[in-house]
Amino acid sequence: MKHQTLKKYIVITSVCLMVLATPFVAQGEGVLDSKHGLLELRTMVGQSKAGFNDGSTADASLFYPTSLLQQADGSLLISDTNNHKIRMLAIDQLTTLSGHIVDFDESSMPIGSYGDGAIDVAMYQSPGGLAMDEQGQIYIADTNNHSIRLISKEGTVTTIAGSWQLGDQDGKGSAAGFYSPSDVAVDSQGNVYVADTLNHLIRKIDTKGNVTTLNKASERVVEYFPGVLEYSGDFADGSIAEAMFNEPTGLAIDAQDNLYVSDKGNQRIRYIDFATNKVSTVVGNGLYDSDELYVKGAYVDGTVSVARLSSPAGITVTKSGIVLVADTLNHVVRAIYNGNVTTVAGIGGEYGFADGVLSSGALNKPTDVIELANGNIAIADSSNNRIRVVQSYVIPERVKYDGPTRIIVNDELLETDVAPMLEKNRIYAPLRAIVTKLGLNVNYLTETKQYEVIVDDKLSYIFSTSSDRVIKLENGVNSELLMDNSVILADGRLLIPVRFFAEQLGYDVQWDQANSNVVIRHTIFN
């Protein structure tokens with residue numbers, strides 16, 4: 001039998017919890033565009049328990065972070081909403097850029113306030129969406145102060161529109177009113193768009209500070225409980241002036257200065273095309289049930305005509321034109337591209353916390369997502385009190401080898417006395433070498449000329465030297481497994497299909513095309 005030799009090295013990664021450094025400033029291709037794949041979900045900063053501590057990424061804490069913004073120097077700004085602060089992640093340290101906790105209520109919840117002035121004395125109430133203009137000024141949707149705030153490059157905080165009192169009136173500066181604005185976006189001309197959430201409106205602040213309303217106000221009244229009436233949002237596509245929204249929550253400007261809107265209550269992503277003066281639905285559907293405030297959410301991937309969302313929030317457009325959405329109550333990040341909706345991170349409909357390979361990593365009510373300068377994807381994982389990142393697998397720096405392929409077990413290079421082989425599009429490696437490095441035991445059964453791999457006292461596998469069938473013994477019960485390829489004997493060593501055995505043990509197995517490695521790792525890192 002003729003085999004193709006791959007040298008002596010493949011990759012088995014270690015399992016360790018890694019807290020990542022501040023995002024690189026260097027530009028890079030987006031991880032979703034990358035051909036080498038092997039994507040994983042990890043934690044950048046934050047703890048399970050909510051807190052307000054500054055410090056290293058391993059120790060610092062957040063309390064329901066909702067929005068993200070990367071600055072030109074690579075630092076990451078975070079709306080730490082329930083702490084009423086704007087935090088900054090830079091050089092592996094989380095600090096408070098602006099905002100204060102003035103007290104704690106009877107439930108020990110932090111209390112914010114309202115105040116302009118120097119960046120270190122300004123105060124906020126549940127700050128939300130963040131945006132930056134071409135001059136580097138930072139805009140903040142100060143949600144519970146019903147206002148839009150500005151941090152100048154000189155470090156002064158001012159209110160550019162609205163006041164601490166809710167309202168819906170147009171006007172200039174403090175004469176205008178908002179009702180719990182959730183997000184802001186700035187176009188190339190310096191116009192600021194506001195998701196005026198509980199007014200169900202999209203507002204515009206022009207470069208002179210004038211606030212105008214773009215769409216039609218909803219007049220829908222819902223009796224959501226007997227005798228209890230409430231004004232709610234509505235739905236209509238069409239001309240901008242006649243379009244209606246239901247709690248618009250996220251905004252993103254595209255390359256044409258048009259606007260994507262996360263229409264949370266309608267479970268849709270909408271698109272405002274200023275050139276055609278039209279509002280259209282990009283993805284999402286559903287009708288209102290009788291006396292329901294919102295369209296019911298759902299989780300469905302697929303074409304944009306059938307895909308479903310549940311309370312979409314933060315939204316961004318990547319350099320390659322992919323629209324990313326924090327699909328909050330589905331606990332996932334979705335991607336919209338070429339007429340299809342796919343899940344990028346999280347487990348649809350299931351909340352939780354897990355760092356791991358992308359198919360196993362878990363989120364809990366993500367509220368924002370952005371593409372970083374290095375191409376990684378940062379996520380505000382709000383109910384986990386963490387900032388997460390989608391990145392490609394990186395071979396540990398301490399692993400030194402100049403060859404094209406490697407075996408790495410627990411971050412240590414493994415050399416085998418018989419080289420791995422490529423046969424029928426499957427990678428083979430010596431059974432004993434892999435099993436030993438995974439911490440398992442292997443015995444050679446002389447009478448039957450078989451190899452027994454012992455996982456624990458309840459599970460073992462028996463490999464024949466001449467068959468594509470494996471005997472699995474679990475809790476005293478035998479079953480026969482069929483490998484997609486037979487084993488190989490080479491230089492007195494039994495080589496098995498790597499993917500088959502690793503996946504039997506619950507490992508993730510991927511081909512690292514960029515580095516010509518087979519990567520085997522636990523699906524969960526923490």
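The largest pocket is lined by 34 residues, among which Leu 69, Ile 253, Thr 316, Val 317 and Glu 371 lie nearest its centre. Two or more lining residues are given by each of the strands β5 (65–70), β12 (127–132), β17 (181–186), β24 (248–253), β29 (312–317) and β34 (366–371), strands being DSSP runs of E with at least two residues and helices runs of H or I with at least four, numbered from the N terminus. A pocket is here an open set of points on a 1 Å grid over the protein atoms alone, where a 1.4 Å probe fits, with protein on both sides within 12 Å along at least five of seven lines, and lining residues have an atom within 4 Å of a point. The volume of the largest pocket is about 1000 Å³, taken as the space filled by probe spheres set on the points, which are joined across faces, edges and corners. Its lining divides into 18 nonpolar, eight polar and eight charged residues (Ala, Val, Leu, Ile, Met, Phe, Trp, Tyr, Cys and Pro count as nonpolar, Asp, Glu, Lys and Arg as charged, and the others, Gly among them, as polar).

The model is predicted, so that local features need pLDDT of at least 70 and side-chain atom pairs count only at pLDDT 80 or more, whereas totals for chains, interfaces and linings use all residues. Residues are numbered from 1 along each chain as its sequence is written, and side-chain values use heavy atoms, with hydrogens and water left out.

The domain assignment, from an automatic or database source, gives domain 1 (39–392) and domain 2 (406–522), and the centres of domain 1 and domain 2, taken over C-alpha atoms, are separated by 47 Å.

Asn 277, in the loop between β26 (268–273) and β27 (278–283), has a positive phi of about 60 degrees although it is not a glycine; Asn 277 is partly exposed, with a relative accessible area of 40% (buried means under 20%, exposed over 50%, partly exposed in between, with a 1.4 Å probe and protein chains only). Lys 449, likewise not a glycine, has a positive phi near 55 degrees and is exposed, with a relative accessible area of 53%.
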